[in-house]
Structures are given as structure tokens and as C-alpha cells.
Amino acid sequence: RRIHYFTNYGEGLWHVAQRDIMWVRISKDAFAKGFRLKHIGEILFAKFKSEFSAIVDRVQVTIYSDEEKVKEMRETARGYYQKRDDRLKELRDEKVDTFYSCTLCQSFAPTHVCVIAPERVGLCGAVSWLDAKAAFEINPHGSNQPIPKEGELDGVKGQWKSFNDFCFNNSQRSIENVNFYTIMEYPMTSCGCFECILAMVPECNGFMVVNREHSGMTPSGMSFTTLAGTIGGGAQMPGFMGIGKSYLGSPKFVPADGGLGRLVWIPKALKENLRPLLEEAAENAGLGKDFVDKIADETVGTSGEEIMSFLEEKGHPALTMDPLM
């Protein structure tokens, strides 16, 4: 996330997302004035040295442009991503008395405040509770600040007075209430760097999820790009929320809304990519390992009406849950 933050310091330079799905754009005006790829490295070099001078002595930035080498390095990076994600598996929200904020994205989403918990990675997918905790210890005045869990207002929906106060004071006084365990009422705001978007599909009494890499239509009637433009920028929209991919496998995946059993549609490529995670989460939730095959994808349909018969045939649990609305 620091690379995201530092890169956006460059005039005419735009960076969004994280890990291996980031987008970088250089404006024509910046290019005309002499900006080149090497200058991205120079920005990162200078900022890492200045921001982390207490712990960083030397910095090297290497930019790969050969596609095969990029793919090779991507697999190396994914190994590190997995190790970081695995460290969180034994942590539970109830076992800690402090969550952490992340406001790195406020440069383009000024009212967005991300709240990170042991069982809920930042919606960018790149900042875990351990990452935020370490970042605060390195820089107590930075974008990751501790938020004590104090003044419980709703234990089921996950609302605490301390979270409400922090979000209100750090969102230009625009977000008054935040529920941590539901997207149907006062969900957390979304910036624009989310890995996926979770959205309700009212016709099916459930939720769909779409990832940044999927370019097709979804049962919400919108593509990822259109959805992102609608809910991003720090908006709080009931029934819609940006999430990190790993949150789909969390025991705290929207528990107040019914949890994983509400998931009725997911792009096929994402479903197969996350299959081990989803199968483990489904078994732990008592849904059975075969639940994953009850989730529709674009090969079944891209509208609520199209996927309903599939869900009925498979006996999807969302159809017998309490109404979402």
C-alpha cells in the first residue's frame, strides 16, 4: 500500500489497486514533459528512504517489462501473499481489544475510512490487521491508527461507539455510523482499490461478488467498472461494499446477513481460484464442501432471473433464509 501511496505523489501519475492486480497510468502531458518508467523507481526510492529512515538503510527498485519475467516474479510474489494471509488464520476479532484504521486512499476518496480487524483484511486485500499494527508501531502518526473496541452498540451487526466516533472525525464528519458485520445497514465505506465488490441480488435473496479482473456483466445489472464508479470514492451504500478476496473465507464474512450461505453468484475464474478457501469456509460454516458448486457463475447466467432456476435446482440455502429486504 505504501507503493500505492507514494506513486500517487507523481504529477500525471495514477496508481490504483494492489498486489498483482494494480493499474498504473501515466498522463500524455507527463510523458510529453519527460516522465519515464525510471522516474517511478526514483519516486519510490526517495519516499521509502525519507519515510522509513529509521529502519531502511538501502533501497533498490527494479521494474520489469519482459512479460515472461513479470509472470515469473508474480508467482514469487503470490507465495509471499499467501504466507501473509496464512499468519492471520488463528486470529479472531473477539481475542483483540483494538482494530486499526487505514486512510491511505483518502487522496482520492476523502471520506473513506477502512477499519481492519483480525478476521477482515482491508478491502484492498493488501493490509491485514498485523500489517496495520506493525505500520502503527513504525510510524505512530501515519495512516494506520489504533481504534479501541469500546462502547458496544450492536454485537450482532458489529457496531461500536469508538468506531463511529473515529469514522465520523476522519471522514470529513460525513459518516456517522458503521456496522462491521453487515452490508445491509451502515456498511463500511468503499474507496476504489477494492479487490472485489459485494452486492445484493434481491431477486435471489442473496449476494453476488465480482472481482476487478472480470469484465463481463453481473446480476446487479452492472459490470465491475460501473459498480466501482457507483460505490467508490468513500461512499456508504447499503447493499454494496468493496472487499478483499480473502474476506470471502473469513468466519466473519457478513455474519449478520447470513454469512457465506448468502453468496449466490461469483465469476467462474474467481470461484476456481478461491475454491480451496471457499470449500474450507463452507465446511466450517456447516454448509458442506459441495456448497461452492451451488454458487452460480456467468456460465449459468448474468441476471437474477437467469440464475434463479439453477439455485432452486441446487437447493441453495439463501432461498430459505430470512428476506434481505
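Against which strands do the buried residues of H6 pack? They pack against S3, S4, S5, strand S6 (152-154) and strand S7 (159-160). Contact here means heavy atoms within 4.5 Å, and buried means under 20% relative accessible area, with exposed over 50% and partly exposed in between (1.4 Å probe, protein chains only). Helices (H or I, at least four residues) and strands (E, at least two) are DSSP runs, numbered from the N terminus.

This is a predicted model, in which local features need pLDDT of at least 70 and side-chain atom pairs count only at pLDDT 80 or more, while totals for chains, interfaces and linings use all residues. Residues are numbered from 1 along each chain as its sequence is written, and side-chain values use heavy atoms, with hydrogens and water left out.

**Domains**

The domain assignment of the protein chain gives domain 1 (1-89) and domain 2 (98-320); such bounds come from an automatic or database domain assignment. The centres of domain 1 and domain 2, taken over C-alpha atoms, are separated by 25 Å. Their contact takes 17 residues from domain 1 and 22 residues from domain 2.

Three strands form an open sheet in the order S4-S3-S5, with antiparallel pairing. Two strands pair if DSSP finds at least two bridges between them. Strand S4 (114-116) and strand S5 (146-148) are the edge strands, each pairing on one side only. From one strand to the next, the twist averages 35 degrees. Strand S3 (residues 98-102) pairs with S4 in the antiparallel sense over three bridges, and Ser101 has Val115 in S4 as its bridge partner.

Helix H5 (residues 129-138) packs on this sheet and touches S3, S4 and S5; the direction of H5 makes about 80 degrees with that of S3. Helix H6 (residues 161-169) lies across S3, S4 and S5 and runs at about 140 degrees to S5. For these angles, axes are lines fitted to C-alpha atoms, for helices over the stretch in contact, and angles run from 0 to 180 degrees between N-to-C directions. The buried residues in H6 are Ser162, Phe163, Asn164, Phe166 and Cys167.

**The four-stranded sheet**

Another open sheet has four strands in the order S10-S8-S9-S11, with mixed pairing. Its edge strands, strand S10 (240-243) and strand S11 (263-265), each pair on one side only. The twist averages 35 degrees from one strand to the next. Four bridges join strand S8 (residues 196-201) and S10 in the antiparallel sense, and Ala199 has Phe240 in S10 as its bridge partner. H7 lies across S8, S9 and S10 and runs at about 90 degrees to S8.

**Glu213**

Glu213 is found in the loop between strand S9 (206-211) and helix H7 (224-231). This residue is partly exposed, with a relative accessible area of 42%. Leaving aside neighbours within four places in sequence, Glu213 is in contact with Ile21 and Lys245. The side chains of Glu213 and Lys245 make a polar contact (3.0 Å). A polar contact is a pair of N or O atoms within 3.5 Å; within protein, one must be able to donate a hydrogen and the other to accept it, and residues adjacent in sequence count only if both atoms are side-chain atoms. Glu213 and Cys196 are 17 residues apart in sequence and 9.0 Å apart in space, C-alpha to C-alpha.

**Salt bridges**

A search of the whole structure finds 17 salt bridges, a salt bridge being a side-chain nitrogen of Lys or Arg within 4 Å of a carboxyl oxygen of Asp or Glu. The table gives some of them.

| Asp29 | Lys33 | 3.3 Å |

Asp29 is partly exposed, with a relative accessible area of 46%, and Lys33 is exposed, at 65%. Glu137 and Lys133 both lie in helix H5, four residues apart, about one turn of the helix. Glu137 counts as exposed because its relative accessible area is 54%, whereas Lys133 counts as partly exposed because its relative accessibility is 28%.

Elsewhere, Arg92, Glu94, Glu119 and Lys252 are linked in a network of salt bridges.
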